[in-house]
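User: Hello! Could you walk me through the pockets of this protein, and then through one of its residues?

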Amino acid sequence: MALLDAHGTFPMPRADAFPGASAAAWAEARRVDPRAFGPGDAWELDFRCFAVRRPGGRVVLVDSGIGPAGSPAASWAPVPGLLPGRLAAAGIAPDDVDAVVLSHLHEDHYGWSVTPDGVPAFPRARYVVQAAELAALAPGDSATTYAVEPLRAAGQLHIVDGGTRLAAHRGGAVTLVPTPGHTPGHQSVVVDGGRRQVVIAGDVLVHAVQLADPAVRYFFEDDPDLARLTRRLLLERAGERGAVLATAHLNRPFVALR
């Protein structure tokens, strides 16, 4: 289930955010996601989380959005986000969430992990993050002070190292897959169990221009060469399986790859 936390204009022209993209790649991106193209060179994007309902009513939440008005994302993203209301409208209470997967620790992906009072927003959940992501945080990073330290203090920070089966049930599973490059410990989520596999990609790609040409660099990738390789492999493997790609920032939540 896609949960739209916010929509806004990115504070950088799209040509600067994706340097070197060809005219053909931009044309294909406009066909796939026309709403991403605002006036002039503006990049319009969604900020989206995903909820995975499991048998028995338990929920895995993938990412927690931009957060409230005072969150770290407030310096550039359209806070406050709408995630709490979106969850309520979907019939999901905070206690229903037993895992929050943080694809990575950029500001627009952990904002609703804690309440404005600094306590975990999902009291029964483990918050799952890759060890490599924590190891790469600079001293004093806002992710540490805003989210990691409160979650650790509450005993709800769950650190994994590499591919991990997060949940399994008859005929299906929720699996964490390392997808580094955008950040050192970025992870994506593969959901099996329905008619088609769903790959919740996080920020492996953030604009349709990277779907049109996976070699296109995003300005804020930690390791552009690794990010290109990761993006190409993820799209190739997902395409071979006929998977559906679930996107955090395209203006359409799901893209069928076959």
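Analyst: Gladly. One term first: Ala, Val, Leu, Ile, Met, Phe, Trp, Tyr, Cys and Pro count as nonpolar, Asp, Glu, Lys and Arg as charged, and the others, Gly among them, as polar. Please keep in mind that this is a predicted model.

User: How do the residues lining the second largest pocket divide by class?

Analyst: This pocket holds about 250 Å³ of space. Of its 16 lining residues, Phe10, Trp76, His106, Tyr218 and Phe220 are the closest to the centre. By class, the lining divides into 10 nonpolar, three polar and three charged residues.

User: Which element gives the most to the lining of the largest pocket?

Analyst: The largest pocket has a volume of about 300 Å³. Val177, Thr179, Leu233, Leu234 and Arg237 are the closest to its centre among 16 lining residues. Two or more residues each come from β8 (172-178), β9 (187-192) and α7 (224-240). With seven residues, the element that gives the most is α7.

User: Now to Val209: is this residue buried or exposed?

Analyst: Val209 sits in helix α6 (residues 208-212). Leaving out residues up to four places away in sequence, Val209 touches Phe18, Ala21, Ala25, Trp26, Ala29 and Val216. Its relative accessible area is 0%, and buried means under 20%, so Val209 is buried.

User: What distance separates the C-alpha atoms of Val209 and Arg14?

Analyst: Along the chain, Val209 and Arg14 are 195 residues apart. In the model, their C-alpha atoms are separated by 9.9 Å.

Conventions: Residues numbered from 1 in each chain as written. Predicted model: local features only at pLDDT ≥ 70, side-chain atom pairs only at ≥ 80, totals over all residues. Heavy atoms only, no water. 1 Å grid on protein atoms, 1.4 Å probe; cavity = no way out; pocket = protein on both sides within 12 Å on 5 of 7 lines; lining within 4 Å. Points joined across faces, edges and corners; volume = space filled by probe spheres on them. Helix = DSSP H or I, 4+ residues; strand = E, 2+ residues; numbered from the N terminus. Buried < 20%, exposed > 50% of the residue type's maximum accessible area, 1.4 Å probe, protein only. Contact = heavy atoms within 4.5 Å.
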